[in-house]
Amino acid sequence: MQYDMNLIGNRPTPVYLEATITNFTKGGSAFAREADGMRDIFVPVAVVERMTLERGDQVIATTVPNRLYESWTPDLGVLRPAELFAIHIVKADEATIRAMQDASAQEQIVEVPKDVVPTVQELILEALKDGPYRAPALAKKIGVARTYTVFDRLCEMHEEGLIARANLYSKAGQKQASYVIWGLTTNDLFPALDEDDVDDMSDLQG
């Protein structure tokens with residue numbers, strides 16, 4: 001039996017926000033601060049554990065209004081909860097964040113066409129046949145205006161084992177990757193090893 005989800009009343013529309021993880025509770029939940037510094041986002045422990053979040057991580061959060069915040073009153077005797085609730089989070093590489101900021105500043109971000117949304121995964125898989133891509137370039141190639149829509153789907157596809165991912169770091173000790181590269185397989189991300197390379201790796205492994 002199929003249900004028409006549009007019939008469900010008062011369903012909040014999720015909003016994608018760039019944010020930074022600020023601190024954690026003793027129970028393992030986390031809080032993030034929206035990029036413009038105006039609102040806090042509560043991140044439940046299940047999301048924290050799935051994404052192995054750390055303080056200072058830059059993320060793209062899928063958020064809805066926090067009902068506890070909306071119903072809070074001073075007489076409850078507790079601190080006011082965060083304004084927003086994260087239902088999903090992905091870590092954002094520096095290049096993707098810069099691309100999002102540039103697009104926002106130029107007011108070039110538009111809604112993803114409804115007829116494209118169901119086929120974003122198919123478009124990604126087809127595009128990656130041409131070789132590895134970063135999320136901003138891939139979004140441009142497949143015609144999706146919102147970079148984080150593509151980045152979010154890429155992360156989900158990687159978790160499902162559909163594509164390969166490589167994190168590139170400009171300096172030693174970085175917590176945040178400078179770039180994230182995506183490909184259909186690891187062979188697409190790195191040159192094929194010749195026999196000498198295989199021998200060298202065997203020597204390193206003892």
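**Pocket, barrel and helices**

Me: Which elements each supply at least two residues of the second largest pocket's lining?
Reply: α1 (45-51), β5, α6 and β6 (164-168) each do; helices (H or I, at least four residues) and strands (E, at least two) are DSSP runs numbered from the N terminus. The model is predicted, so local features need pLDDT of at least 70 and side-chain atom pairs 80 or more, while totals for chains, interfaces and linings use all residues. Numbering starts from 1 along each chain, and side-chain values use heavy atoms, without hydrogens or water.

Me: Which element gives the largest share of that lining?
Reply: α6, with three residues.

Me: What lies nearest the pocket's centre?
Reply: Met51, Lys91, Arg165, Asn167 and Tyr169, out of 19 lining residues.

Me: How do the lining residues divide?
Reply: Seven are nonpolar, four polar and eight charged.

Me: Switching to strands. What order does the barrel run in?
Reply: The closed barrel has five strands, β1-β2-β3-β5-β4, and its pairing is mixed. Pairing takes at least two DSSP bridges.

Me: How many bridges join β1 to β2?
Reply: Five; β1 (residues 15-24) and β2 (residues 30-34) run antiparallel. Thr20 is opposite Arg33 in β2.

Me: And at what angle do α4 and α5 pack?
Reply: Helix α4 (residues 120-127) meets helix α5 (residues 135-142) at about 105°, and their axes are 10 Å apart. That makes the two roughly perpendicular (65 to 115 degrees).

Me: Which residues make the contact?
Reply: α4 brings Leu123, Ile124 and Ala127, and α5 brings Leu138, Lys141 and Ile142, contact being heavy atoms within 4.5 Å. Five of the residues in this contact are nonpolar, none polar and one charged.

Conventions. Axes are lines fitted to C-alpha atoms, for helices over the stretch in contact, and angles run from 0 to 180 degrees between N-to-C directions. Angles under 35 degrees count as roughly parallel, over 145 as roughly antiparallel, 65 to 115 as roughly perpendicular and the rest as oblique. Ala, Val, Leu, Ile, Met, Phe, Trp, Tyr, Cys and Pro count as nonpolar, Asp, Glu, Lys and Arg as charged, and the others, Gly among them, as polar. On a 1 Å grid over the protein atoms alone, a cavity is a set of points where a 1.4 Å probe fits but cannot get out, and a pocket is an open set with protein on both sides within 12 Å along at least five of seven lines; lining residues have an atom within 4 Å of a point.
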